[in-house]
Amino acid sequence: MNRTEDVFLSHEHLWSYRTRTVDPKSQTIRSVTHNGILQRSTAETLCEEAARISTKELVELKSANHCPFTFNEYLSYYFYKIYLAYNCSKNEIIRNRWVIRNLIDPNITTDPLLHNVDAKYLKDLINACKAYCKGTEYAVAKLLQLFSDDIWKHGEVSCNPAPSPAAYKKPQTTVLLYTSEQLKIFLNAVYSSSCPHRLEFLLALFCGLHTGEILGLTYKDFTPCTRVLEIHHQYIKNKQLQKYLTGCMNS
């Protein structure tokens, strides 16, 4: 658990902290938020103490049930240790990392042991994610199907519990191309702006570079005599993912 994220200031200007509570009967870990604390230091102390207790209880629960992972723990393990090993599409990697961090993780209020994951749990999780924006449930269902295929093949569950992504409406992507008049307006705005990032706009518009690729450029990536710009790496906040993507682009 990340302590900086588990201790936070609530809208009443009081401190809150989030803990994991182990329920041995249901073999589930629940997220519980405690509110109304006057000082941050007090909230951090209480959070640390609760974490020590829940960690000890979770170890005992896993040992008693011969299951080394909860759902959320194995989802992280699957993504970094299995999914990244065979998927070389950087766009899919970035998208699915975003899906886990911004859609799935915030909506996991109960975290069962891996062998207790069933269709109802995954459907409820997908439905919880759809509140983010239209079409998110399809992206979550698609990723969870890959995850469920893995735990089924490894014998963690007796059948594949994931609902088919076909049960959810796939968002329609529309590519909008500038007309000549719109392109003139855009370029006039770029050249008349006091913003010093004119080159970045032109690289995105005419070369199709993504934001991370532009931010990762260095002078060494451009060869003046051949007028060739090479993309060797890109800027990504996640260091482990950045290292992997760099290897993919250099191979």
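Is C67 buried or exposed? In this predicted model, in which residues are numbered from 1 along each chain as its sequence is written, local features need pLDDT of at least 70, side-chain atom pairs count only at pLDDT 80 or more, and totals for chains, interfaces and linings use all residues. Side-chain values use heavy atoms, with hydrogens and water left out.

C67 is buried, at a relative accessible area of 2% (buried is under 20%, exposed over 50%, partly exposed in between, with a 1.4 Å probe and protein chains only). C159, by contrast, is partly exposed, at 47% relative accessibility. The sulfur of C67 has that of C159 as its closest cysteine sulfur, and the 16 Å between them is too far for a bond. With a disulfide taken as a pair of cysteine sulfur atoms within 2.5 Å, the count is zero.

Four strands form an open sheet in the order β1-β2-β3-β4, with antiparallel pairing. Strands (E, at least two residues) and helices (H or I, at least four) are DSSP runs numbered from the N terminus, and two strands pair if DSSP finds at least two bridges between them. The edges are held by β1 (7-9) and β4 (110-112); each has a single partner strand, so one side of each lacks a neighbour in the sheet. On average, neighbouring strands are turned by 30° against each other, direction ignored. Strand β3 (residues 28-37) runs antiparallel to β4 and is joined to β4 by three bridges. I29 has D111 in β4 as its bridge partner.

Helix α2 (residues 40-65) lies across β1, β2 (15-23) and β3, at about 10° to β2. Contact means heavy atoms within 4.5 Å; axes are lines fitted to C-alpha atoms, for helices over the stretch in contact, and angles run from 0 to 180 degrees between N-to-C directions.

The second largest pocket holds about 360 Å³ of space. A pocket is an open set of points on a 1 Å grid over the protein atoms alone, where a 1.4 Å probe fits, with protein on both sides within 12 Å along at least five of seven lines; lining residues have an atom within 4 Å of a point. The lining comprises 20 residues, and R95, N96, Y138, A139 and K142 are the closest to the centre. Helices α4 (90-104) and α6 (136-153) each contribute at least two lining residues.

G135 is located in the loop between α5 (119-129) and α6. G135 is buried, at 10% relative accessibility. Its C-alpha atom is 35 Å from that of L58, 77 residues apart along the chain.

Conventions:
Grid points are joined across faces, edges and corners, and a volume is the space filled by probe spheres set on the points.
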